[in-house]
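Hello,

Here is the structure I said I would pass on. My notes on it follow below.

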Amino acid sequence: MAFGKGHHLHLIDGSAYIFRAYHALPPLTRKSDGLPVGAVAGFCNMIARYVEGNGSSADAPTHVAVVFDFSSKTFRDEIYPLYKANRPPPPEDLRPQFALTREATRAFNLACLETEGLEADDIIATLARQAREAGGRVTIISSDKDLMQLVGDGVEMLDPMKNLRIGRDEVFAKFGVGPERVVDVQSLAGDSVDNVPGAPGIGLKTAAMLIQEYGDLDTLLERAGEIKQPKRRQTLIDNAEQIRISRQLVTLKDDADLDMPLDSLEQRDAEPEVLLEFLNRMEFRTLTKRMADKFKVEPPAAPALPAASASAAAPIAQPQADVPFDAAGYVAIRDAATLSQWIAQAREQGYVAVDTETTALDEMVADLVGVSLALAPGKAAYLPLAHVSGENDLFGGTTRAGGQMDVNEALALLKPLLADPSVSKIFQNAKYDIKIFARLGLTVTAIEDTMLMSSALYAGLHSHGMDVLSEQHLGHTPIPIKSLLGSGKSQITFDRVPVDEAVKYAAEDADITLRLWQKFRPELHQKRVTTVYETLERPLVQVLADMEREGVLVERDVLSRMSNAFAQKMAGLEAEIHQLAGRSFNVGSPKQLGEVLFDELGLPGGQKGKTGAWATGAEVLEDLASEGHDLPARVLDWRQLSKLKSTYTDALQDHINRDTGRVHTSYSLVGAVTGRLSSTDPNLQNIPVRSEEGRRIRAAFVAPPGKSLISLDYSQIELRILAHMADIPALKQAFRDGHDIHAMTASEMFGVPIEGMDPMIRRQAKAINFGVIYGISGFGLARNLRIPRAEAQGFIDRYFERFPGIRSYMDRTVAEAKEKGYVETLFGRKINTPEINAKGPGAGFAKRAAINAPIQGSAADIIRRAMIRMPEAIRNLPAKMLLQVHDELLFEVEKGAEDEVIRIVKSVMEGAAAPAVHLDVPLIVDAGIGLNWAEAH
DNA sequence: CCCGTCACG
DNA sequence: GACGTACGTGACGGGA
């Protein structure tokens with residue numbers, strides 16, 4: 001039956017339904033496994049109501065389609081990259097529901113339409129035009145004002161919530177013009193929601209008035225010079241191009257190539273078994289029953305819930321959890337057709353685990369060798385791309401192994417999947433993989449990371465590498481990478497592993513990642529750390545990846561000259577040391593040094609550690625030196641130079657990247673239990689600054705020509721957090737008044753005035769303040785201040801007397817750790833304290849760690865929040881965030897923009913706790929500018 | 001591979 | 001009453 005006169009097409013804006021359902025309903029999860037299904041439930045209810053309404057309507061449709069947005073990228077992004085740029089990505093618990101709403105549509109036996117590169121509105125526009133031209137009628141089920149341009153000539157809209165008809169009159173009431181001029185008005189007024197620029201300062205009212213007066217947009221722009229109001233006239237003249245671009249954005253495409261004849265949209269009734277099976281599987285009890293009644297059939301039996309004994313750790317998909325690991329079930333993807341099938345399945349279900357195999361651990365130099373995908377437990381595949389055959393040719397080179405897809409072809413297929421915000425891409429350590437993909441020009445959105453989930457759930461209980469997680473949570477030991485690559489000197493790179501072996505290893509990694517994700521997801525909710533994962537962990541991945549890829553410029557020549565100078569000085573010191581010792585020995589060997597000092601020279605104060613070796617730490621040597629012994633003094637000098645040379649001036653040069661000429665550290669989000677970042681290869685969080693010699697190394701970190709480095713650091717952030725958390729009025733007031741906190745502490749403790757205070761007294765108060773953060777002990781303070789233990793204990797007693805809130809905070813924290821097994825930061829990050837109830841010497845450690853963790857961790861959370869907001873805040877500034885050092889951020893900025901950048905960054909950092917937490921103390925950030933890091937700091 | 005040492009916050 | 005102690009990291013060289 002060809003669509004034509006007398007036919008009536010209903011076009012339902014499915015995407016609008018989903019978002020409306022999602023936001024209107026409280027989050028609802030499927031009972032058996034915690035899968036979020038609130039939006040699906042709302043969607044199904046809306047569709048059910050729609051279908052039921054049609055049954056009794058005299059104006060029932062003959063043809064129906066539900067239309068969806070395909071993904072956020074459309075042809076409009078080519079016209080104007082900022083289009084819809086201010087739209088946040090869909091919430092994490094909504095993403096898996098996109099695919100389910102498609103499934104729901106089909107279960108209701110309705111045509112389900114979506115097309116790559118088009119918005120739902122374009123599909124609706126095209127079908128509406130076709131239907132109109134064929135002589136039929138159209139009703140668009142939507143209240144979206146962007147669709148109002150389509151009204152007229154047998155096309156009308158229906159607001160499904162208010163059940164209101166929208167015809168020409170209603171459009172006129174909304175826009176002040178008829179449907180044919182709606183586009184003109186929208187082009188002028190712009191749209192802040194979709195980020196359509198329009199003309200600045202012109203809103204709907206003015207736009208409508210102008211169009212009424214001049215007839216249409218082109219005439220208006222031609223005759224803009226005639227406008228009386230000077231400001232408005234200038235705006236239109238200045239922004240003519242932007243207004244024309246806006247028109248392109250708001251004009252719906254009504255000639256899209258759809259490949260979907262109207263005839264195929266003929267209305268069909270739902271098939272009871274199909275619909276009921278779906279609703280039942282979603283566990284929508286009420287709706288299942290309602291539909292069963294409507295069909296006059298028995299509702300299907302509700303799916304069995306997991307046994308009541310199922311623990312908090314119940315895996316998300318009960319039956320799948322029992323799938324055993326079986327490498328024989330993994331497949332190799334060797335052609336485009338197979339890859340396309342896997343990708344299609346990923347899109348269908350809305351999630352896929354992804355893992356890359358490369359030639360190196362350093363993602364700045366590693367080349368992609370293959371990609372593995374997992375769709376369900378046991379269902380995983382490996383896509384080999386750059387394996388070489390085992391045999392070297394005559395020249396020591398290699399040849400590409402057979403049976404591999406062309407790399408570019410494979411990446412072209414993967415690209416839209418990775419970029420699709422409606423499909424979750426699940427990684428173990430996503431930062432590594434997205435950096436690899438980024439170097440190949442592929443962007444990854446909608447990231448999930450099992451490593452970060454583990455950190456949010458299990459910080460303090462175990463580490464978060466794949467092997468540990470697999471063993472702990474899946475009871476499965478993965479194939480060791482060493483079994484493929486070997487170790488030591490004979491180690492090979494992954495591209496030399498035969499493909500058949502690589503499949504087993506690589507696909508298993510994706511399989512494990514997927515299973516971990518399914519297990520961790522409900523646990524995040526149960527342990528109430530979903531917000532931690534979603535706001536403090538996951539969003540930082542992309543931010544850090546970008547910082548790491550940016551790198552920092554380090555002057556090789558400066559380091560190299562320093563290395564030489566250090567070597568000379570060390571040689572001189574070494575000769576002196578040998579002479580003082582009366583023999584030559586390895587100064588770098590603590591064992592040999594101890595023997596020289598204490599056995600041979602018989603110096604006092606020697607102590608043997610648990611390994612039986614003499615202790616020769618800096619403290620011991622300093623004591624000896626202060627007693628007038630030259631040898632230990634020389635060794636201290638030598639050690640300082642040795643440290644600076646080996647760890648910094650030498651090693652740093654090796655970390656300068658060949659291609660970029662810069663140093664690229666790698667941050668770990670899970671390195672520290674408290675939530676601090678850690679930095680490796682190289683560690684750029686421990687570049688010297690405390691000694692004059694060391695600061696010269698910092699001066700080798702420079703800004704390129706035309707740029708400056710700026711450094712911004714939180715002042716006393718941990719003490720401020722302590723003042724807030726322990727609620728100490730005197731400390732809070734001192735911070736509010738901007739007073740010297742250590743002097744104030746000293747004044748309170750010893751009753752001396754701040755004016756003209758003995759610096760020694762202030763120093764002691766400072767040590768106590770730090771000690772408090774660390775979980776103070778008389779012993780520790782005594783050692784730090786080099787005073788007798790009893791005296792140190794006296795200070796602490798007096799401190800607690802003056803600030804009793806500190807002691808009660810410490811007691812509360814330890815009690816909480818004992819009771820709950822974890823402590824928390826201000827932002828809900830949990831740090832497990834499994835040793836807190838231990839007996840013996842370990843108890844002290846655990847207590848102090850428990851006291852320190854909320855303070856250090858809250859500070860870490862605050863700078864994380866600042867970093868996450870930073871890219872957006874400096875989007876339009878010539879500035880790049882390069883490094884983080886716990887309470888400091890380093891930026892590279894174009895000359896001239898320094899003050900502006902400092903102003904913005906400072907405000908982001910100082911406001912980073914809000915709105916989640918309102919601190920009783922202000923956060924203060926100090927800033928510095930320089931051509932190198934030493935100057936800027 | 002562990003230990004001692006020392007660089008940072 | 002004794003025990004052993006400041007919190008959190010990572011990199012290096014020596015030595016088994």
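Domain contact

Domain 2 and domain 4 bury about 690 Å² between them, with 51% of that area from carbon and sulfur atoms; buried area is the accessible area (1.4 Å probe) that two parts lose on being put together, summed over both. This is a predicted model, in which local features need pLDDT of at least 70 and side-chain atom pairs count only at pLDDT 80 or more, while totals for chains, interfaces and linings use all residues. Residues are numbered from 1 along each chain as its sequence is written, chains are lettered from A and ligands numbered from 1 in the order in which they are written, and side-chain values use heavy atoms, leaving out hydrogens and water.

Domain 2 covers 326-389 + 400-538 and domain 4 covers 717-859 of chain A; the bounds come from an automatic or database domain assignment. Their centres, taken over C-alpha atoms, are 44 Å apart. In the contact (heavy atoms within 4.5 Å), 11 residues of domain 2 meet seven residues of domain 4.

Sheet

Strand 7 pairs with strand 10 (residues 379-384) in the parallel sense over two bridges; pairing requires at least two bridges found by DSSP. Within this pair, Val331 is opposite Ala381 of strand 10.

Regards

Definitions and conventions:
Helix = DSSP H or I, 4+ residues; strand = E, 2+ residues; numbered from the N terminus.
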